[in-house]
Amino acid sequence: MKLLNQEINVINSSPTSQSSPRTTKNPTPFLSKTYDLVEEGEHHGGSNDDRENGNTKIVSWNAEGTGFVVWSPAEFSELMLPKYFKHNNFSSFIRQLNTYGFKKTSPKKWEFKHEKFRKGCRQMLVEITRKRSDSSVFPAFLKAANSDQAGKCSYARIEMDDKEEEENCLSLMMEENKNLRREKLQLEMQIEQFKALEIKLLDCLSQYMAADQSHQNKVRRLC
């Protein structure tokens with residue numbers, strides 16, 4: 001009986017019988033830094049109306065908190081990216097977002113969304129994973145037919161993914177270029193309007209000064 005009790009005590013004190021500590025899963029550095037970057041931008045600048053009108057913020061959450069907006073790509077690349085990453089390339093940042101499944105949701109501004117990237121929901125970042133190439137649907141015996149060929153196919157898929165990301169980035173940049181050209185044209189039209197208004201004001205001023213001079217001459221003659 002004493003021997004049986006000793007064996008029970010040994011079993012109860014063994015490491016396998018104790019509950020193992022849970023390992024906490026952390027989000028990738030890119031996602032954490034991007035979240036911190038947006039949070040920092042959110043607390044600098046004006047209100048939502050100011051963003052739409054005056055564009056006082058560089059980056060912030062959208063009105064619903066379901067995505068973020070880069071209001072000024074130039075300032076974002078110059079001031080924000082080097083602070084959190086080892087580069088200042090906006091295109092590279094967009095490519096990284098694409099690999100994690102972020103989508104650009106507005107044709108008029110640089111707004112990006114992911115269902116797990118939300119304001120106040122930092123704990124959901126661990127659920128965001130990088131996109132991977134789909135596994136082959138061929139039978140196992142065909143997969144193992146030629147490992148070298150499989151490696152070449154895998155490399156080709158990676159090249160295709162990179163090319164697709166570059167094309168997406170290029171289309172985004174072209175779209176931004178069109179928007180900038182449109183804004184430039186609007187500004188040039190406003191400048192022309194201001195110039196015309198300036199000419200009218202100067203003309204009115206010259207007419208007023210001429211009338212005043214004529215009035216003074218008449219007064220002098222009467223005196």
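Predicted model: local features only at pLDDT ≥ 70, side-chain atom pairs only at ≥ 80, totals over all residues.
Trainee: Let's start simple. What makes up the chain, and in which order?
Mentor: The chain has 7 helices and 4 strands. Starting at the N terminus, they run α-α-α-β-β-α-α-β-β-α-α.

Trainee: How many of the residues count as buried?
Mentor: Of the 223 residues, 26% do. The cut-off for that word is under 20% relative accessible area. As for the surface, the chain exposes about 16900 Å², and carbon and sulfur atoms supply 55% of that.

Trainee: Why is Pro107 called exposed?
Mentor: Exposed means over 50% relative accessible area. Pro107 has 56% relative accessibility, so Pro107 counts as exposed. You'll find Pro107 in the loop between strand E3 (103-104) and E4.

Trainee: Which residues does Pro107 touch, leaving out those up to four places away in sequence?
Mentor: Glu175 and Asn179. Contact needs heavy atoms within 4.5 Å.

Trainee: Now H4. How do you know what span to expect for this helix?
Mentor: You take 1.5 Å times one less than the number of residues. Helix H4 (residues 73-84) has 12 residues, which gives an expected 16 Å, and its first and last C-alpha are 15 Å apart, close to that value.

Trainee: Which residues of H4 are buried?
Mentor: Pro73, Phe76, Ser77, Met80, Leu81 and Tyr84.

Trainee: And what puts them on the same side of H4?
Mentor: They cover an arc of only 130 degrees around the axis, so they share one side of H4. Turned away from that buried side is a face with the exposed residues Ala74, Glu78 and Lys83.

Trainee: What makes a set of residues a nonpolar core?
Mentor: The largest one here has 27 residues, and Leu37, Phe68, Phe76, Phe93 and Phe117 touch the most other members. Among the elements giving two or more residues to this core are helix H2 (29-42), H4 and helix H5 (90-99). H2 gives the most, with 5 residues.

Trainee: Which residues is Leu37 in contact with, apart from its neighbours within four places in sequence?
Mentor: Val59, Phe76, Met80, Leu81, Tyr84 and Phe85. You've already met some of those names: Phe76, Met80, Leu81 and Tyr84 are among the buried residues of H4.

Notes: Residues numbered from 1 in each chain as written. Heavy atoms only, no water. Buried < 20%, exposed > 50% of the residue type's maximum accessible area, 1.4 Å probe, protein only. Areas by Shrake-Rupley, 256 points an atom, 1.4 Å probe, with all protein chains shown as cover. Arc of directions from axis to C-beta. Core = buried A, V, L, I, M, F, W, Y, C linked by side-chain atoms within 4.5 Å.
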